[in-house]
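Hi,

Here is the structure I promised to pass on. Have a look at it first, then read my notes below.

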Amino acid sequence: MRLRLLAILLLASLCRAAWAGPQPLDDDELAQVRGADGISFAIRLQLNRPGDGTTGDSRLSIGQVVDGRTTYTVLKNVGGVIQMVGLNISPQTAADGTNYLALTLPAWTKFTDTGFDSLSVQADPRAPVTQSLGQVTLNGELQMQGQLRLWSH
């Protein structure tokens with residue numbers, strides 16, 4: 001009977017602790033929290049490129065006013081597939097004891113038909129492109145290393 005009562009009391013105390021909910025931590029306590037290596041991401045961005053490889057008539061238009069006249073820079077059929085592996089976000093501590101957030105550059109990036117079909121400057125952003133200033137298409141792989149460090153103040 002005593003063993004059963006002891007087990008019930010132990011279970012009740014554990015349940016009460018579990019129901020207590022999260023407790024706020026001050027800065028010193030929070031600085032002592034340790035985790036793994038942060039968060040890693042792998043990304044596949046497919047923009048305006050259906051699976052069959054066709055393109056539509058999508059446009060990115062940027063309007064600017066110069067001397068009261070509005071013109072538009074029009075990028076036609078912006079899109080492609082970009083894959084990235086090795087993006088990491090992790091908290092770090094510098095040698096002087098300050099904490100910062102480290103964002104690593106992607107270790108591997110692949111571009112497949114990424115770019116735009118034409119670049120033009122015109123008065124109507126919806127008008128047909130009659131004169132293109134060029135196009136850009138990226139196909140290939142890129143490897144990087146390094147990180148962007150962010151401190152809060």
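Helices (H or I, at least four residues) and strands (E, at least two) are DSSP runs, numbered from the N terminus.

Where this comes from: it's a predicted model, in which local features need pLDDT of at least 70, side-chain atom pairs count only at pLDDT 80 or more, and totals for chains, interfaces and linings use all residues. Residues are numbered from 1 along each chain as its sequence is written, and side-chain values use heavy atoms, with hydrogens and water left out.

Now the sheet. Three strands make an open sheet in the order S2-S3-S7, with antiparallel pairing. S2 (59–66) and S7 (118–122) are at the edges with a single partner strand each, so one side of each has no neighbour in the sheet. S3 (residues 69–76) pairs with S7 over five antiparallel bridges, and Val74 sits opposite Ser120 in S7.

Zooming out, the chain has two helices and nine strands, running α-α-β-β-β-β-β-β-β-β-β from the N terminus. Of its 153 residues, 14% count as buried (under 20% relative accessible area; exposed is over 50%, partly exposed in between, with a 1.4 Å probe and protein chains only).

One last thing to find: Phe41 lies in strand S1 (residues 39–47). Phe41 has a relative accessible area of 39%, so it counts as partly exposed.

Cheers

Conventions
Pairing = 2+ DSSP bridges.
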